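Trainee: I have a model open and want to check the labels on it. Can we go through them one by one?

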Amino acid sequence: MPTSNHLLSSVQVARFVAHGFLRLDAVVPDEMNAQAAGVLTAGIPAVPFGTPLADAYPEGSFARRLVDLPPVAGALRSLVGPDPAIDHHAVHVREPDEGRAQPLHGDAIIDTRPDAFDVQLMYYPQEVAAEMGGTLLVPGSHLRRTNESDTGRYQNLRGQIRLTCPAGTVLLLHHGIWHGGRRNDSDRRRFMFKIRFNPVVPQVRLWDTADLADPAVAAELRTRFPWYEQATGRLEIYNRVQLWRALTGDDRFDLDHWVTRVTNRPRRTA
């Protein structure tokens, strides 16, 4: 799985921790995008759960070429480490004038790991215009524990993003982010290919940490989103600190003493 020099920076990983996703615009070459409709319509053979990435897709296959693209491989290496396992993959198609949308949901119905996460790659081979029902994302929702479709009744959260993007765009999502495919009101089929990756190594300092002390890291981790409540929204900052401590191996890191206050264990000295 080549990475070249495309590892993520600390600022980029902090942005992923805060937002719950990373967007790589137009990183897939035009010639692959042109092949995608045929390949995805024909289908990509399933692989057993837990298959190492190196064994999951044959050399030269479309899926292997996709994950071996240096920007994609570098980002995956930075988030889930070398040679992750494949959880599953799927081709999703939104039909023209489909008349329905997927409810808002998270994909991790029983996943409560505080120190590890799966990453979902979503590849869009064609330009996604507003009327094509691009994936809806709620930034900063990934660390709020819900069961899979608890959020299905929510509509139009402040700050939500309905994806529009150029052809060849790849999203990398934290497994818990609230999302859903929107209704396709265009006259064209919309394709999306998804792969879910399971890490097989501790997700500790897997990226380029040269900028770990950059103040922009803390600034990213402090990001608040419009749908956050005044008080409860602070819990998202707390959860991010916990995840950042796990990712960096630094159990002293904090933002405004949020975690330090509640992990303090005074010892009797007299």
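Trainee: What makes helix 1 "mostly covered"?

Mentor: This is a predicted model. Helix 1 spans residues 10–19, and eight of its ten residues are buried. Those eight are Ser10, Val11, Val13, Ala14, Phe16, Val17, Ala18 and His19.

Trainee: Which elements do the buried residues of helix 1 pack against?

Mentor: Three are helices: helix 5 (70–80), helix 6 (215–221) and helix 7 (234–248). The others are strand 1 (21–24), strand 4 (119–124) and strand 7 (169–174).

Trainee: What follows helix 1?

Mentor: Gly20 does, and its phi is positive, near 90°.

Trainee: Why is Glu236 called buried?

Mentor: Set the value against the cut-off. Buried means under 20% relative accessible area. Glu236 has 2% relative accessibility, so Glu236 counts as buried.

Trainee: Where is Glu236 found, and what is Glu236 in contact with?

Mentor: Glu236 is found in helix 7. Beyond its neighbours within four places in sequence, Glu236 is in contact with Gly140, Leu143, Arg144 and Tyr228. Contact here means heavy atoms within 4.5 Å.

Trainee: Which residues touch the most other members of the largest nonpolar core?

Mentor: Leu172 and Trp244, in a core of 51 residues.

Trainee: What does Leu172 touch, leaving out residues up to four places away in sequence?

Mentor: The list includes Phe16, Gly20 and Phe21. Leu172 also touches Leu22, Leu24, Ala75, Leu76, Leu79, Val119, Gln120 and Leu121.

Methods
Residues numbered from 1 in each chain as written. Predicted model: local features only at pLDDT ≥ 70, side-chain atom pairs only at ≥ 80, totals over all residues. Heavy atoms only, no water. Core = buried A, V, L, I, M, F, W, Y, C linked by side-chain atoms within 4.5 Å. Buried < 20%, exposed > 50% of the residue type's maximum accessible area, 1.4 Å probe, protein only. Helix = DSSP H or I, 4+ residues; strand = E, 2+ residues; numbered from the N terminus.
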